[in-house]
Amino acid sequence: MKKIIRTFLLAAIISLLAVPKEAMAHCDTLNGPVVQTAREALAKGDVTPVLKWVKPDKENEVRAAFVRTLAVRKQSKEAAELADMYFFETLVRLHREGEGAPYTGLKPGEAVDPGIEAADKALDAGNDEHLIKEINHHISDGIGDRFHKVIEAKRHMNDSVEAGREYVEAYVGFIHYYERLFADVQGAAVHSEEDHD
């Protein structure tokens, strides 16, 4: 049962990440993991930690940007701020490119979706119990609300063409919602099994 819940959790997170909302592009934020790793790398003067965020073919570009950034940072506080932002933007742009996603600029930290923020906090804490409980609540509500809307619309679907269309709209919404969840869970289960082989 816990494996099913974890699979649902993973599928829901994958679904959240696949939604094309700018606010949900977690790695595009100033307090996201890419920029946080970049800050640490600049503080230590070691580019190695950020290289994991880009594809191998972009490594040289990141290294060159890092060297330029370190050189400019020494000039003044203002120069350091500009140089850091240049490096953050270069790194995030190349990371997004590696994901096949567009780069639309860095966003403030508050742009992070609450679900993604909760997932990061769970990872930091090393405990997924609250995360599983929360996502199960959302999934249950999502299925239940749509299901009951279809059942109610079905009772009146033959009353008129308009009522029939309301039923079809509710039915299609419910089926597509569940289909996405099910496909994500199946995809997560397939990846999970492959990882253990």
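The mean pLDDT of the protein chain is 82, and 80% of its residues reach 70 or more; pLDDT is the predictor's confidence in each residue, from 0 to 100. The model is a predicted one: local features need pLDDT of at least 70, side-chain atom pairs count only at pLDDT 80 or more, and totals for chains, interfaces and linings use all residues. Residues are numbered from 1 along each chain as its sequence is written, and side-chain values use heavy atoms, with hydrogens and water left out.

Confidence is highest in helix α3, at a mean of 96, and lowest in helix α1 (residues 2-18), at 44. Over residues 4-25 the pLDDT is below 50. This stretch still has 35 contacts in the model beyond near neighbours in sequence; a contact means heavy atoms within 4.5 Å. Residues 191-197 also stay under 50, and there the model has zero contacts beyond four places in sequence. Where pLDDT is low, the predicted coordinates should not be read in detail.

The protein chain has seven helices and zero strands. Both are DSSP runs, numbered from the N terminus: helices are H or I, at least four residues, and strands are E, at least two. Of the contacts with a separation of 6 or more, 62% join residues 24 or more positions apart.

Buried residues make up 35% of the 197 residues. Buried means under 20% relative accessible area, exposed over 50%, and partly exposed in between (1.4 Å probe, protein chains only). The largest nonpolar core has 19 residues. Such a core is a set of buried Ala, Val, Leu, Ile, Met, Phe, Trp, Tyr and Cys residues joined through side-chain atoms within 4.5 Å. V50, V62, F87, F88 and L91 have the most contacts inside the largest core. Helices α2 (33-44), α3 (59-73) and α4 (77-99) each supply at least two of its residues. V50 touches T37, A38, A41, V62, F87 and L91, not counting residues up to four places away in sequence. Apart from this core lies another, of five residues, among them A153, Y167, A170 and F174.

Nonpolar side chains also occur on the surface. V168, Y171, V172 and I175 form a nonpolar patch there, with about 300 Å² of accessible area together. Patch residues have over 30% relative accessible area and no salt bridge; nonpolar side chains (Val, Leu, Ile, Met, Phe, Trp, Tyr) are joined within 5 Å, like charges within 9 Å. A salt bridge is a side-chain nitrogen of Lys or Arg within 4 Å of a carboxyl oxygen of Asp or Glu. V168 lies in helix α7 (residues 161-196) and is partly exposed, with a relative accessible area of 44%.

Notes
Areas by Shrake-Rupley, 256 points an atom, 1.4 Å probe, with all protein chains shown as cover.
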